[in-house]
Amino acid sequence: MATATITAGAAPVPAMPAVPTTISTRRLIAFLAMVFGMFMAILDIQIVSASLAEIQAGLSASSDEIPWVQTAYLIAEVVMIPLSGFLSRMLSTRVLFAGAAAGFTAASALAATATNIDQMIVYRAIQGFIGGGMIPSVFAAAFTIFPPSRRAMVSPMIGLVATLAPTIGPTVGGYISHAMSWHWLFLINVIPGILVTVTTWTLIDFDKPNLGLFSKFDWWGLAGMAAFLGCMEYVLEEGPSHDWLQEQAVFMCAIIMVVGAALFFWRAFTAEEPIVDLRAFTNVNFAFGSLFSFVIGIGLYGLTYLYPVFLGRIRGYDSLMIGEALFVSGLAMFVTAPISGILSSKMDLRIMMMIGLFGFAAGTWWMTHLTADWDFWELLIPQILRGSSMMLCMVPINNIALGTLPPDRLKNASGLFNLTRNLGGAVGLAVINTVLIDRSAFHYARLAEHVEWGSAAAQTKLQNMTLDFQQTPGFDATKAAISKLSGMVQQQASLLSFMDVFTMLTVLFATMAVFTLVIAKPAPPAGSGGGGH
């Protein structure tokens with residue numbers, strides 16, 4: 001298995017001596033249970049996105065309050081992900097993961113019992129915070145307990161789970177809320193959550209706790225990190241729809257974010273045991289891997305957002321129809337995962353990542369030609385390119401970032417690595433929403449110039465539409481025609497703004513594909529023989 005080692009004219013980084021050459025059945029079962037727990041935690045980010053209308057009606061919430069069902073989860077999770085590295089070292093992987101699985105399960109059950117929006121927001125925040133502890137633990141365990149020769153199997157598995165879960169979240173959520181009720185979006189976690197908790201508590205034996213770290217716990221660092229990351233997530237989520245700093249809450253959170261960042265980075269470099277060990281970025285492999293992970297986050301969460309918005313806003317699809325139209329991406333990921341594992345052990349990881357990024361660019365370039373009539377078949381090729389390219393990127397990125405770190409750095413580093421993907425998604429969504437809003441207004445103004453009273457074509461179109469509406473008795477035909485014409489202009493303006501976003505993403509992915517050439521040629525780890533599995 002050709003795990004990446006990026007060199008800068010120096011000798012290759014040596015293989016980690018603590019990694020075993022075989023893995024027991026007990027540890028394999030424990031690891032699979034951890035992977036399933038991670039799947040639940042990541043799935044729950046997006047599982048409610050297609051069912052917010054049903055939850056809003058069930059809780060009698062306002063349209064301003066209901067997005068917090070998702071935002072509260074994201075803000076809490078983004079704080080826990082980097083913190084989990086320290087907690088795992090202090091408590092052990094067994095205690096942290098089993099405790100996180102139990103807490104996530106309990107919070108899921110509570111969310112299903114919520115009777116008002118305030119309760120739901122609190123329960124979702126608890127669910128996101130505790131569940132966030134499961135995600136980095138899986139990445140750390142994969143590179144701690146598996147020998148390099150088995151990573152061609154393990155890396156695609158965790159890459160598939162990390163990317164498939166948010167992709168199919170809206171589809172799964174749409175089906176569940178249609179077939180049963182929105183309560184089952186949360187109740188469905190209870191039985192699997194109990195099984196994961198019991199299995200991981202019984203079987204995990206990867207490491208021992210270091211309770212002495214509790215006396216060195218950096219509370220000021222935690223406060224700074226929570227303020228920094230939590231407020232950053234809020235600003236990025238709410239900024240685009242509230243004209244950024246013009247809205248008081250966004251402005252105040254931006255100030256708290258800056259103060260929190262200053263406190264966090266000061267403590268990270270001065271505390272005896274910092275909450276997050278930023279020294280991992282001194283490893284060139286990890287720094288490059290984190291950069292590409294950030295970009296993959298933009299592609300993963302950005303496109304998972306864009307396709308449903310297009311189908312809902314332009315095509316008028318409901319959540320179930322959107323889920324049925326978009327299952328192809330998840331299928332493409334599933335099919336490509338084992339292929340990417342085989343390729344990762346047989347070809348240069350830089351070339352593999354370049355192919356994936358160019359595949360992303362090809363898919364978004366295809367979408368720059370979309371029209372208001374695009375449906376399942378027109379979206380088929382872009383979705384296949386998106387799903388397969390995601391897996392071709394994730395496996396080499398995981399191996400480049402985490403494959404050559406020493407075991408004592410893995411826990412902290414895996415938290416940082418997962419954080420970069422989530423932050424990429426948050427930044428990507430903020431930029432995408434801002435571009436959609438601004439460019440839609442720009443295109444509407446430009447198009448409206450051609451649909452004024454002086455335009456012969458506009459007058460003819462308006463007259464024909466007025467005549468059509470006059471066939472319907474009791475209708476103000478002129479007003480209806482003007483309203484429909486305005487709606488047509490608005491739809492075209494929205495379409496053009498979508499094209500602008502897809503063009504922007506095409507440039508980003510193509511640029512990053514070329515940027516892979518900057519990375520020095522990866523070398524296989526010692527003892528791998530260049531490619532077993």
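Let's start with a charge and a ring. The charged end of Arg94 sits over the ring of Trp201, 3.8 Å from its centre. "Over" here means that NZ of Lys or CZ of Arg is within 6 Å of the ring centre and within 35 degrees of the ring normal. Arg267 also lies over a ring face, that of Trp266, at 5.3 Å from the ring centre.

A word on the ground rules. This is a predicted model, so local features need pLDDT of at least 70 and side-chain atom pairs pLDDT 80 or more, while totals for chains, interfaces and linings use all residues. Residues are numbered from 1 along each chain as its sequence is written, and side-chain values use heavy atoms, with hydrogens and water left out.

Next, aromatics. The whole structure holds 19 aromatic pairs. Rings of Phe, Tyr and Trp (its six-membered ring) pair if their centres lie within 6.5 Å; planes under 30 degrees apart are stacked, over 60 edge-to-face, the rest tilted. Take Phe214 and Trp219: edge-to-face, 6.5 Å centre to centre, 85° between the planes. Is Trp219 buried or exposed? Trp219 counts as exposed, because its relative accessibility is 53%. The cut-offs are under 20% for buried, over 50% for exposed, partly exposed in between, with a 1.4 Å probe and protein chains only.

Now the cavities. The search of the whole structure finds two of 30 Å³ or more. A cavity is a set of points, on a 1 Å grid over the protein atoms alone, where a 1.4 Å probe fits but cannot get out; lining residues have an atom within 4 Å of a point. Points join across faces, edges and corners, and volume is the space filled by probe spheres set on them.

The largest cavity has about 60 Å³. Its lining includes Thr167, Tyr307 and Arg386. Which elements give two or more residues? They are α7 (151–179) and α12 (284–313). α12 gives the most, with four residues. Helices are DSSP runs (H or I, at least four residues), numbered from the N terminus. By class, this lining has five nonpolar, three polar and one charged residues. Nonpolar is Ala, Val, Leu, Ile, Met, Phe, Trp, Tyr, Cys and Pro; charged is Asp, Glu, Lys and Arg; the others are polar.

The second largest cavity is about 40 Å³. Among its lining residues are Ile42, Glu77 and Arg421. α1 (25–46), α3 (68–91) and α17 (407–449) each supply at least two. The classes here: five nonpolar, one polar, two charged.

Definitions and conventions
On a 1 Å grid over the protein atoms alone, a cavity is a set of points where a 1.4 Å probe fits but cannot get out, and a pocket is an open set with protein on both sides within 12 Å along at least five of seven lines; lining residues have an atom within 4 Å of a point.
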